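Visitor: Hi! Could you walk me through this model?
Guide: Happy to, here it is.

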Amino acid sequence: MSPSIQKKFKNPRAKHGFQGRTCSIAAVGSYVPAKELTNQDLEKLVDTTDDWITSRTGIKARRIAAEDEFTSDMAAKAALRAMVKGGVKPEEIDLIIVATITPDMPFPSTACWVQQKIGAHRAAAFDIEAACSGFIFALEIGQQFIMSRTYDTILVIGAEKLSSIINWKDRNTCVLFGDGAGAAILRHRPAAHGLLTACMGADGRKADLLSMPGGGSRCPATIDSVSNGLHFLRMDGKETFKNAVNAMYTAAQEALRRCEINISQIACIIPHQANRRIIDAVGERLGVQPEQVFVNLDKYGNTSAASVAIALDEAVEQERIKQGDLVLLVVFGAGLTWGAAVIEW
Ligand code: UT7
């Protein structure tokens, strides 16, 4: 990035007394399962068409984990790829945060399983749950530990096996989601701005719009809960869509405002990959150029907490993001939850 552009944004962290300490994404990695489920495959499962799915969502295919492949397996593979790229050894990791709505099991945390699988035995480990917004929430939590000098190296992962909570007879939802994982390694890196800001939001009054009612303390698993389909993901698609557009637009504006930059200074926008029409509507309101926006939902569908993490890794691999670029992540999910982050790469 040229020095003239560098002077045109500020690090909002500085005013909170974090001078001299920055939190950078040192490396990213991702993993998607080998098995691809195309729209044509879905035509054989439910009353749908490739044309409907493509025109209403932009999705052409999604990846489905093997029966014996769990969220922690995908998370560990994404983490190991990030660690190789960043030259980070397992023993250097201080903390593992996994964002997921499809943990291996209610407890222990998926992060503890990941710790075991990657051999990061010195690390503390816990999960967070903010649905599709989880990766940005986890980044923000991780960076707080870096800025406060509590930890130096943090592994943040978004990972999902959504195929395990999908009703494969419900055409309203089964065409939308896929499995996968993305990981980022956070580190203090002198002379870099790193994660400039992250805003997060939630509105629990709309918790019913997108949920999985069964399996928790409110509705433990029973024969009835299973036969009534309460252990499947449910969504009011239309209302979720409207809320997604408004919340993602507002979160992105807030993140830009905090850094005193405008949208044209962002080299790459990585939105939550739920629906092409949502991405286009948010982009239109923000006034972005199509080439600024990274989209890979045609290949993977909506992978919830893994969505922006996988997209970020692919954008870096494809050199859509280069050192010094400003990157905007913007997410939305069940809760309702939303968020946006600005990163100087
Ligand atoms: O990651 C969390 C955030 N998630 C989201 O943001 C998802 C937000 N919602 C959406 O992306 C969209 O609302 C959907 C893609 C889920 C649905 O698109 P829509 O344009 O809102 O369609 P709709 O739900 O209004 O359904 C229109 C019609 C209905 O038929 P009738 O009632 O008009 O006869 C549906 O039954 O399309 C029908 N339909 C389908 N038809 C063929 C719904 N799903 C399908 C399908 N194939 N898979």
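Visitor: Before that, what should I know about the model?
Guide: It is a predicted model, where local features need pLDDT of at least 70 and side-chain atom pairs count only at pLDDT 80 or more, while totals for chains, interfaces and linings use all residues. Residues are numbered from 1 along each chain as its sequence is written, and side-chain values use heavy atoms, with hydrogens and water left out.

Visitor: Thanks! How many residues surround the ligand?
Guide: There are 22, each with a heavy atom within 4 Å of the ligand. The closest are Thr48, Arg56, Lys238, Asn275 and Asn302.

Visitor: Which polar atoms lie by a ligand oxygen or nitrogen?
Guide: Among them is a polar side-chain atom of Asn275, 2.7 Å from a ligand oxygen. Trp52 also has a polar side-chain atom 3.2 Å from an oxygen of the ligand. With Gly237, a backbone N or O atom lies 3.0 Å from a ligand nitrogen. Taken alone the ligand exposes 950 Å², and the protein buries 75% of that (Shrake-Rupley method, 1.4 Å probe).

Visitor: Which helix supplies the largest share of the shell?
Guide: That is α9, with four residues. At least two residues each come from α3, α7 (171–174), α9 (237–259) and α10. Helices here are DSSP runs of H or I with at least four residues, strands are E runs of at least two, and both are numbered from the N terminus.

Visitor: Switching to α3, which residues are buried there?
Guide: In α3 (residues 50–57), Asp50, Ile53 and Thr57 are buried, meaning under 20% relative accessible area with a 1.4 Å probe and protein chains only. They cover an arc of only 80° around the axis, so they sit on the same side of α3; the arc is that of the directions from the helix axis to the C-beta atoms.

Visitor: What covers them?
Guide: The cover includes α2 (39–43), β3 (61–63), α10 (276–286) and α11 (297–300).

Visitor: And the tyrosine, is Tyr300 buried or exposed?
Guide: Tyr300 is buried, with a relative accessible area of 6%. It lies in helix α11.

Visitor: What does Tyr300 touch?
Guide: Leaving aside residues up to four places away in sequence, Tyr300 touches Val32, Ala61, Arg62, Arg63, Gly178, Ile310 and Glu314, with contact meaning heavy atoms within 4.5 Å.

Visitor: Which of those side chains makes a polar contact with it?
Guide: The side chain of Glu314 does, at 2.5 Å. A polar contact is a pair of N or O atoms within 3.5 Å; within protein, one must be able to donate a hydrogen and the other to accept it, and residues adjacent in sequence count only if both atoms are side-chain atoms.

Methods: Buried < 20%, exposed > 50% of the residue type's maximum accessible area, 1.4 Å probe, protein only.
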